[in-house]
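Biologist: Let's go through this one together. I'll keep asking what backs up each label, if that's all right with you.

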Amino acid sequence: MVLINPTKSASTQQQRVADQRIVNASRNLPNSNTLITVTAHGSPKSMANDVRGYSVTNGKQLDAILNRNSDAWKNRESNDGMTVVLYSCRTGSDVKEKDGNSKGPSFAQKISSSDEFKDVEIIAPDQRMYFNSEGPVGTYEAKYAGDNDEYKRDSNGDVKSKERSDTPGNWNVFKNGELIRSYEGDWLPTNQPSMYDSIFKEN
């Protein structure tokens with residue numbers, strides 16, 4: 001499921017091109033009756049529903065979106081065994097002060113503690129998401145970012161650059177409001193991690 005609208009009028013041409021690349025790449029993401037992927041712009045506090053033009057901040061809103069757009073979610077027999085992966089920048093990161101100190105739980109952690117997502121595994125990145133034409137590259141720190149992971153800006157207030165660094169972030173896995181596992185940034189999220197994932201990708 002993709003909540004990015006590459007044709008929205010408020011975007012620059014450069015942003016529209018980048019958004020279309022993400023939309024195209026998201027078509028290659030794995031989905032199943034128990035694994036649901038959501039691609040959207042995000043932050044530690046929320047996720048954007050560009051298709052309808054509002055911010056998603058709680059479990060009730062995300063539940064409504066999944067019920068409208070995902071047969072797997074709508075037709076599930078129970079939450080047990082369900083996994084939702086958020087391909088959405090920093091939704092798995094704590095909200096931070098400017099100095100980098102944590103001041104609150106991430107969007108993904110809050111979603112996982114909601115009644116609507118009880119017993120569901122929520123997987124989300126703690127850094128920026130990067131895509132190429134074939135799919136996700138992974139989650140990495142931005143090359144030019146401050147201690148709170150916000151993009152650095154030039155003297156005109158414009159973002160200096162959105163390019164990525166070589167420093168990977170983490171894929172955090174939450175369940176019932178708790179962080180239960182974490183994987184390296186170049187891991188491809190799945191609800192059935194392999195032995196290789198457990199040995200070489202799990203933190």
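Biologist: Which residue is the bridge partner of Y140 in β10?

Modeller: In β10, that's P168. The model is predicted, so local features need pLDDT of at least 70 and side-chain atom pairs count only at pLDDT 80 or more, while totals for chains, interfaces and linings use all residues. Residues are numbered from 1 along each chain as its sequence is written, and side-chain values use heavy atoms, leaving out hydrogens and water.

Biologist: What makes β9 and β10 a pair?

Modeller: Strands count as paired if DSSP finds at least two bridges between them. β9 (residues 135-142) and β10 have 2 bridges, in the antiparallel sense, so by that rule they pair. The strands themselves are DSSP runs (E, at least two residues; helices are H or I, at least four), numbered from the N terminus.

Biologist: And what is the strand order of the open sheet of 3 strands?

Modeller: β8-β9-β10, with antiparallel pairing. β8 (128-132) and β10 (164-168) are called edge strands because each pairs on one side only. Neighbours in this sheet are turned by 65° against each other on average, direction ignored. Across β8 and β9 lies α1, at about 75° to β8. Such angles use axes fitted to C-alpha atoms (for helices, over the stretch in contact) and run from 0 to 180 degrees between N-to-C directions.

Biologist: Why do K143 and E163 count as a salt bridge?

Modeller: The definition wants a side-chain nitrogen of Lys or Arg within 4 Å of a carboxyl oxygen of Asp or Glu. The K143 and E163 side chains meet at 3.8 Å, N to O, so the pair qualifies. Both residues lie in the loop between β9 and β10, so the pair ties together parts 20 residues apart in sequence. K143 is partly exposed at 46%, and E163 is partly exposed at 39%.

Biologist: How many salt bridges does a search of the whole structure find?

Modeller: It finds 9. Among them, D119 and K118 meet at 3.5 Å, N to O, and D119 is partly exposed at 26%.

Biologist: What is the N to O distance for K201 and E184?

Modeller: 4.0 Å, so it's still within the 4 Å limit. K201 lies in helix α5 and E184 in strand β12 (residues 178-184), so this pair ties together parts that are 17 residues apart in sequence. K201 counts as buried, at 14%, whereas E184 is partly exposed at 31%. Salt bridges that share partners join E184, D186 and K201 into one network.

Biologist: Which residues make the nonpolar surface patch?

Modeller: M195, Y196, I199 and F200, with about 490 Å². Patch residues need over 30% relative accessible area and no salt bridge, with nonpolar side chains (Val, Leu, Ile, Met, Phe, Trp, Tyr) joined within 5 Å and like charges within 9 Å. Areas come from the Shrake-Rupley method with a 1.4 Å probe; for residues, only the protein chains shown count as cover. Y196 lies in helix α5 (residues 195-201) and is partly exposed at 48%, so Y196 clears the patch cut-off.

Conventions
Contact = heavy atoms within 4.5 Å. Buried < 20%, exposed > 50% of the residue type's maximum accessible area, 1.4 Å probe, protein only.
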